[in-house]
Amino acid sequence: MRFEVKKSQNRMCHQWTFSGLEDLLQHVEHGAVNTKAFANDCFSVSGSAEFTGTDSLAEAVSLCRGGYHASFNDFLSMQQELKGHLPTTAFRRAAERSVHGFAPNIPAMLHGSPKAMYRLAAQEEIKFLRLYFNCAYPSTETHNQIIWRGVYTMALIELLEQLGYRIDLSFFALIHGRDELESVYISVNLKDSGDALDQMSCYFPMCHPSYLRRLLFRVIETTPGLSRRWEYNYGRAAEAPDVAAFLDLNPQEAILIGTPTDMGVHPAGFVDGANRFLENLRVGEYVRADSGAFIAPERGGIKAFE
């Protein structure tokens, strides 16, 4: 865990960086509350089950640490449904003629050609991408929007890895204080490029309201230096332009997964929402036209789901 305070966009930004979920949970369990700012009440503890989705902070910690939740099976079922609309196949390295190789080319050998062997074509350069997943969202976002964005993100990661990308995954929240003079940024590393995707670990932070409304609120409550103005108002999720300016991402190296509404996700249609999600991300910049999939020229871009 690392904590620092920097000036960003004319605000004092209190920045937390956690190496993983367990690092975050250890801080949630043992971090000291900033009693100068939160002297009377801590919403991470007193928040209602209706608003947070859990009965207590301890339950939220347990669910995040264990990964499993009753809705996780529904999450997996929706992914299977989405895969039925996803016309993608894994790439295979082509064989080409060469002087040396792993198998003979009999016709070429009979004709005396020096290139009478087959070898695998050279692999493309390994490509790396970091995905930044925004865990802060307005209270107006619906349960379906939040769940579907998580399902779409899982499909996106699997798609990019099939296309040869190595994916890092970070969950973050950028929250501005009520007076706009202070902000809190919380980043948690979920997956390094060499790691397999652990969907159970990703589910709770991606899809459960308690990740934001109990766990991340607890981090805010333990943030040194915040003013008393945070006590009864835990700020607001930064809007898309502020997030983009703060992260200052290189589009060749990183992808930003914004709030459900920012990504075009709405509860009207599951598959249609997936297409708008990918269009908002401009995934066509990462998918080669010669892959034979995801190309919809009539729409001027890609369409991954039919």
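**Exercise 1.** In this predicted model, the side chains of glutamate 231 and arginine 228 meet in a salt bridge. How far is it from N to O? Is glutamate 231 buried or exposed?

*Solution.* 
- Step 1. The N to O distance is 3.0 Å.
- Step 2. Buried means under 20% relative accessible area. Glutamate 231 has 3%, so glutamate 231 is buried.
- Step 3. Arginine 228 has 47%, so arginine 228 is partly exposed.

**Exercise 2.** Find the salt bridge partner of glutamate 180, and say which parts of the chain the pair ties together.

*Solution.* 
- Step 1. The partner is arginine 11, with the closest N and O atoms 2.7 Å apart.
- Step 2. Glutamate 180 sits in the loop between strands E7 and E8, while arginine 11 belongs to strand E2. The pair therefore links parts 169 residues apart in sequence.
- Step 3. Arginine 11 is buried at 9%. Glutamate 180, at 27%, is partly exposed.
- Step 4. Shared partners join Arg11, Glu180, Arg236 and Asp242 into one network.

**Exercise 3.** Describe how helices H4 and H9 pack.

*Solution.* 
- Step 1. The angle is about 110°, and the axes are 10 Å apart.
- Step 2. Angles of 65 to 115 degrees count as roughly perpendicular. H4 and H9 are therefore roughly perpendicular to each other.
- Step 3. H4 brings Leu57, Ala60, Val61 and Cys64 to the contact; H9 brings Ser210, Tyr211, Arg214, Leu215 and Arg218.
- Step 4. Sort these by class: six nonpolar, one polar and two charged residues.

Technical notes:
Residues numbered from 1 in each chain as written. Predicted model: local features only at pLDDT ≥ 70, side-chain atom pairs only at ≥ 80, totals over all residues. Heavy atoms only, no water. Axes fitted to C-alpha atoms, helices over the stretch in contact; angles between N-to-C directions. Helix = DSSP H or I, 4+ residues; strand = E, 2+ residues; numbered from the N terminus. Parallel < 35°, antiparallel > 145°, perpendicular 65-115°, else oblique. Contact = heavy atoms within 4.5 Å. Nonpolar A, V, L, I, M, F, W, Y, C, P; charged D, E, K, R; others polar. Salt bridge = Lys/Arg side-chain N within 4 Å of Asp/Glu carboxyl O. Buried < 20%, exposed > 50% of the residue type's maximum accessible area, 1.4 Å probe, protein only.
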